[in-house]
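Dear colleague,

I am passing on the structure we spoke about, and my notes follow directly below it. Please read them with the model open beside you.

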Amino acid sequence: MYTADNGKIWLATGENRIYLEPSMTNRHGLIAGATGTGKTVTLKVIAESFSDLGVPVFMADIKGDLSGMCKAGSENKHILRSIETMGIENFDYTSYPVRFFDVYAKNGHPVRTMISEMGPELIARLLGLNDVQSGVLRIIFRIADDRGLMLLDLKDLRMMIQYVGDNANDFKLTYGNVSAQTLGAIQRALLMLEDEGGDIFFGEPALELEDWFDWDEQGRGVMNILECQELFQHPLLYSTFLLWMLSELYEMLPEVGDIDKPKIAFFFDEAHLLFNDAPKALLEKVEQVIRLVRSKGVSVWFISQNPADIPESVLGQIGNRVQHALRAYTPNDQKALRYAAKSFRANPAFNTETVLQELAVGEALVSVLDEKGVPTIVERAGILPPRSSMNIIEPLELQHVVATSKLYEKYMVIVDRESAYEILMSKYSEQQEAERAAQEQLEAEKAELEKQKEQTALEKEYAKLEKEKEKLAREKEKLASKKRSSSYYGGSRRRTSPVGKTINSAANTVGREIGKQLIRGLFGTLK
C-alpha cells in the first residue's frame, strides 16, 4: 500500500518522494504522454492507491489491459528494479475488488440508460444534429415531459417524433414551429445510430451509479471497469456515454465542500474525444460540470497524449499533473511540446522542454498540489510499480468474475415496461379503430341509400308496368268487343266475308303479340 502514515499517496520517486494529497485530488488530475510511455501504469498505481484509501474508482478500459487488476501481480525484472531503486519496503502483490461493465454485455454487466435520462443535449450530440435540429429535439423532450411520456429506448423516441409530427399544428403555438423536414432529419440520424449499434445501451434496467459506491471486506473501494474496446470503435458514442456518467455523478451527489479524500475517482481515457467537434453550448456545460463536480467530492483524471488536446478552460482546473515523454517529430509536435512544458511550475534544476523528450518509459514530470492547494515545482521522477497484474485475464476468468458479482441478476435481464411507445401506440390504435368504425358506418349508410334508391326505382318500374298492363287489358277488351259485334248478330252465326276473315286474322295476330309482350314484361319485372 503506497499510503504514508499521514494518509498521503506515494506516487513517484525522484530526488525526493512525491506524494498526492488526497484532500486535493478533487482538484482533478491529468496523465499525459505519447503512446507506450507508461500512462497505463500511472493510472493503475493511482487507482490502486485510491482503492486502498477506501475510495471507489471508475475506469474506462480502451485497450483491455486493466482487467488484470482483479489478480495479484507477478514478479518481473522491471518491478524488481523499481523496488530496488526507489527503496520500496514490504512490497507485496495483491488483487483488487473489480466489477466489469460492458455496453455490449459481452465482457461485463450490461450498461444501459434511458433516453429521458440522457437528455436532449447529449442525444443531439450523439446524433450529430445541428442547432435547428437540436432545438426541435428539445421541443420533443419537453412535450414528452409535459405529458408524462417516458422515453426509455430508441423506439420510444422514434414514436414520439412521429406523434409530434402528426400533431405539429396543435403544438405550434405552445412550443414553436416543428417542420416535417427537420423531424425527418432526426429520424434518419436515429437510423444511423442504430446501424452503429447505439440502440443497445438505451433501455432498462438502467445503470444506477449508486452501485459504484461499494467496498470489499477490507474496506477497499471497488474498481468499476468499463470495457471499451468495442465501444471505442465509435468515438462519439464512447465520449458521450462517459460524459453522461460524469454528469449523472454531478446530479446524484450532494455538496460536500472540502473533504479529506474524494468520494469517487473517475478516470477518463482518451479524454480529447470529449471535446472534439463539441458545440460551444455543450463545451460550456462540460466545463461547468468539471468545475462544480469537485465540490461533490469527485476526482476526475483525464488521460490523453497531449495536454493541448484539452481546452484551456478545463486544463486550468487541473491541479495534479503527470506528464510522460512527448515526441516532437513535426512543427505541430514541437508546438505541443512547448505548450506542455509551460504548463508546469518551472524547476531551476533542469529545462522542462528538454527533459520531456528525454524521459524513459515509466518516468514522468510530476507536479501536484500541496496541502495548501499550491502546485509544487515540477520534478523528474519514476512512477512506482503497480501491485496488481499487468496481464490481461482469460475470458473464462473474466466471465467468472461477472457471474459471481452481486450485480449479475440485477442487470442481466432486460425489462421493457410501458413507456411512450406503448402509450402512443395505444392512442394510435384507438384512433384507427374509431376511423375504421366511422368508415364502416359510412359504408353501411351508403349501402342503405343505394338500396333505397334501387327499391324506389323498382317501385316506379312496377307502377309503369301496371299501367301498361291495364292499357293492354283495355285494348284487348276493346278488340274482343269488336269481334263479338262482327261475328254474331241476334245469337245466330253469320257467314264471314273474305274481308271479314282478313280483319279477324289481323286481330288474332295482334292479340297474340300483345299476350307475348305482357308475359315478357312481367318476367322482366320479376327478374
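In these notes Ala, Val, Leu, Ile, Met, Phe, Trp, Tyr, Cys and Pro count as nonpolar, Asp, Glu, Lys and Arg as charged, and the others, Gly among them, as polar. The model is predicted, so local features need pLDDT of at least 70 and side-chain atom pairs count only at pLDDT 80 or more, while totals for chains, interfaces and linings use all residues. Residues are numbered from 1 along each chain as its sequence is written, and side-chain values use heavy atoms, with hydrogens and water left out.

On that basis, the lining of the largest pocket has 10 nonpolar, eight polar and three charged residues. A pocket here is an open set of points on a 1 Å grid over the protein atoms alone, where a 1.4 Å probe fits, with protein on both sides within 12 Å along at least five of seven lines, and lining residues have an atom within 4 Å of a point. Of the 21 lining residues, His78, Ser82, Val361, Gly362 and Ile383 lie nearest the centre of the largest pocket. Helix α2 gives the most to this lining, with six residues, and both α2 (77–86) and β12 (379–383) supply at least two; helices (H or I, at least four residues) and strands (E, at least two) are DSSP runs numbered from the N terminus.

Turning to the strands, β12 lies between β1 and β11 in the order of an open sheet of 12 strands with mixed pairing, where two strands pair if DSSP finds at least two bridges between them. The edge strands are β2 (17–20) and β6 (109–110), each of which pairs on one side only.

With best wishes
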